[in-house]
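I opened a new structure today and kept short notes as I went. Here is what I looked up, entry by entry.

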Amino acid sequence: MFLLFDAISYICTLFKHMKRKIIYLFAIIMLFASCSEYNKILKSQDYELKYEYAKKYFEQKKYSRAYTLLEELVTIFKGTDKAEESLYLLARSHYLAKDYITSGQYFTTYYTNYPKGQYAELSRFYAGYGYYLDSPEPALDQSGTYKAIDELQMFLEYFPKSERAKEAQDIIISLQEKLVEKELLSAQLYYNLGNYMGNNYESAVITAQNALRDYPYTKYRETLSFLILKAKFQEATQSVEEKKIDRFRDVIDEYYSFINEFPESSNMKEAKRMFNVANKYVKE
């Protein structure tokens, strides 16, 4: 009885292993068949067939195959009834493959060539949205962020009533906040450097003031304003004697501006301390 049970168990185990091997073998065969089919299409001179396969690969989410075929076809289809759609599909294929820089270039080409085309609205939106997705951290170069803002602002200018208009506006605001954050990081760096190799407090003030001028409604407004007050205070404190009185007066003016705008600030205690030091010096 035990021998029979062992034999059955062995057969079942063997069958499971064979079943897995068959599945793996079938998957490999299908992969090779797919690659073989793709390579044949790639070499084919039948451009209509190629286009059908490009759309097929796009629907199957095989975007690298789709854009490889379409990159050849957009040139061949110029001036035909397939030119517009093929160019848009090429841009979308790169976009969905997360190559936002290349997709942005093709979207731009599309709306430049077809300003009133079927996909003009989508092309303008996705050009900007792609650059937004590719926008780096605030500490890094923000060229892509500026590009995203420019594209989305142009989208709103051309399609102000689009159902994507609100989303575009929200994205622009978030991108602008990223630019402000970069300026804030720069201003903080200047502040932390102090008088090392020059008057970095002044640079901190100028950087923060420029950020407030360019983006007056930023969520970092209080932080930037307080940084300006601190930088002016440190600059005054560490100044030569003949410059101190004027700089402390500037601190006092900055203090009143700060408390008038942010009367409930969590930094009020520190701001008051700086004011008292400045006021005492000026009165003396």
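I began with two helices, H6 (residues 120-133) and H7 (residues 143-158), and found them roughly antiparallel to each other, because their angle is about 155° and angles over 145 degrees count as roughly antiparallel. Their axes lie 7 Å apart, and the crossing of H6 and H7 is left-handed, that is, the near helix is turned anticlockwise from the far one by less than a right angle. For helices I took DSSP runs of H or I with at least four residues, numbered from the N terminus. The axes are lines fitted to C-alpha atoms over the stretch in contact, with angles from 0 to 180 degrees between N-to-C directions.

I noted that this is a predicted model, where local features need pLDDT of at least 70, side-chain atom pairs count only at pLDDT 80 or more, and totals for chains, interfaces and linings use all residues. Residues are numbered from 1 along each chain as its sequence is written, and side-chain values use heavy atoms, leaving out hydrogens and water.

Next I looked at backbone angles. Most residues other than glycine have a negative phi. Lys61, in the loop between helix H2 (47-59) and helix H3 (63-76), has a positive phi of about 65°. Lys98, in the loop between helix H4 (83-96) and helix H5 (100-113), has a positive phi near 70°.

Are these lysines buried or exposed? Lys61 is exposed at 61% relative accessibility, and Lys98 is exposed at 63%; exposed means over 50% relative accessible area, buried under 20% and partly exposed in between, with a 1.4 Å probe and protein chains only.

Terms used. Angles under 35 degrees count as roughly parallel, over 145 as roughly antiparallel, 65 to 115 as roughly perpendicular and the rest as oblique.
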